[in-house]
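Me: I am new to this structure and would like a friendly tour of it. Could you show it to me first?

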Amino acid sequence: PNTGMVVTHDVSSYPNCHAPNKQDVGKRLALWALAKTYGKSGLVYSGPIYKSMEVTGGPGPAKIRVQFDYTGGGLASRDGKLLDHFTIAGEDKKFVEAKAAIDGKSVLVWSDAVAKPVAVRFGWRQDADPNLMNKEGLPAPCFRTDKWN
């Protein structure tokens, strides 16, 4: 209780995890404090956080639909490019690079190399700088849908 998390991978640079841009870090922390400590309503104070996933059929390969909390005004790509740093695995537990696309307030993830996907990871590398954020400019933290060793 009484804690919060802000994501800073977009304002820091690997291997230095301490962001040189302290103002953006401070603004994000202030948003969290205003919303959670001081009870100010109507603020988007977090980037999209993984909520759930489901496997969907479709035309083409099966996909995983990833749902998020804290989508704010919607999901976006920080640099206007295709979403990056998503990987996907089947029952063999071997992750491969995946394609990902925003679909409303969720993200569809797939790979032609995985016919029956069961898990997704996002930003699951130490040097990852993924571009998924909400339209308020707050980035999504790294996540995994599996609990494999």
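**A first look**

Reply: Gladly! Read along the sequence, the protein chain follows the pattern α-β-β-β-β-β-β-β-β-β-β. Here helices (H or I, at least four residues) and strands (E, at least two) are DSSP runs, numbered from the N terminus. This is a predicted model, in which local features need pLDDT of at least 70 and side-chain atom pairs count only at pLDDT 80 or more, while totals for chains, interfaces and linings use all residues. Residues are numbered from 1 along each chain as its sequence is written, and side-chain values use heavy atoms, with hydrogens and water left out.

Me: How many strands does the protein chain have?

Reply: The pattern opens with α and goes on with β. Counted up, the protein chain has one helix, and its strands number 10.

Me: What radius of gyration does the protein chain have?

Reply: The radius is taken over C-alpha atoms, and the globule rule is 2.2 Å times the number of residues to the power 0.38. For 149 residues, a compact globule would come out near 15 Å, and the value for the protein chain agrees with that, being 16 Å.

Me: In which order do the four strands of the open sheet stand?

Reply: Strands of a sheet pair through backbone hydrogen bonds, either parallel or antiparallel. Two strands count as paired if DSSP finds at least two bridges between them. In this open sheet the pairing is antiparallel, and the order is β1-β2-β7-β6.

Me: Which strands stand at the edges, and why is one side of each left without a neighbour in the sheet?

Reply: Each edge strand has a single partner strand, so one of its sides has no neighbour in the sheet. The two strands in that position are β1 (49-56) and β6 (99-103).

Me: Which residue in β7 stands opposite arginine 65?

Reply: Strand β2 (residues 63-69) and strand β7 (residues 106-110) run antiparallel and are joined by four bridges. Opposite arginine 65 stands leucine 108.

Me: Which glycine lies in the turn of the hairpin formed by β6 and β7?

Reply: β6 and β7 pair in the antiparallel sense over five bridges, and aspartate 103 has serine 106 as its bridge partner in β7. Two residues lie between the strands of this hairpin, and the one in the turn with a positive phi of about 70 degrees is glycine 104.

Me: Are the faces of β7 covered or uncovered?

Reply: Buried means under 20% relative accessible area, exposed over 50%, and partly exposed in between (1.4 Å probe, protein chains only). Five of the five residues of β7 are buried. Ser106, Leu108 and Trp110 lie on one side and Val107 and Val109 on the other, so both faces are covered.

Me: Is serine 77 buried or exposed?

Reply: Serine 77 sits in strand β3 (residues 75-77). Leaving aside neighbours within four places in sequence, serine 77 is in contact (heavy atoms within 4.5 Å) with Leu83, Ile102, Asn131 and Met133. Its relative accessibility is 17%, so serine 77 counts as buried.

Me: Which residue has its backbone oxygen 2.7 Å from a polar atom of the side chain of serine 77?

Reply: Alanine 101 is 24 residues from serine 77 in sequence, and their C-alpha atoms are 9.5 Å apart in space. The backbone oxygen at 2.7 Å from the serine 77 side chain belongs to lysine 81.

How values were computed:
Polar contact = N/O pair within 3.5 Å; in protein donor to acceptor, adjacent residues only side chain to side chain.
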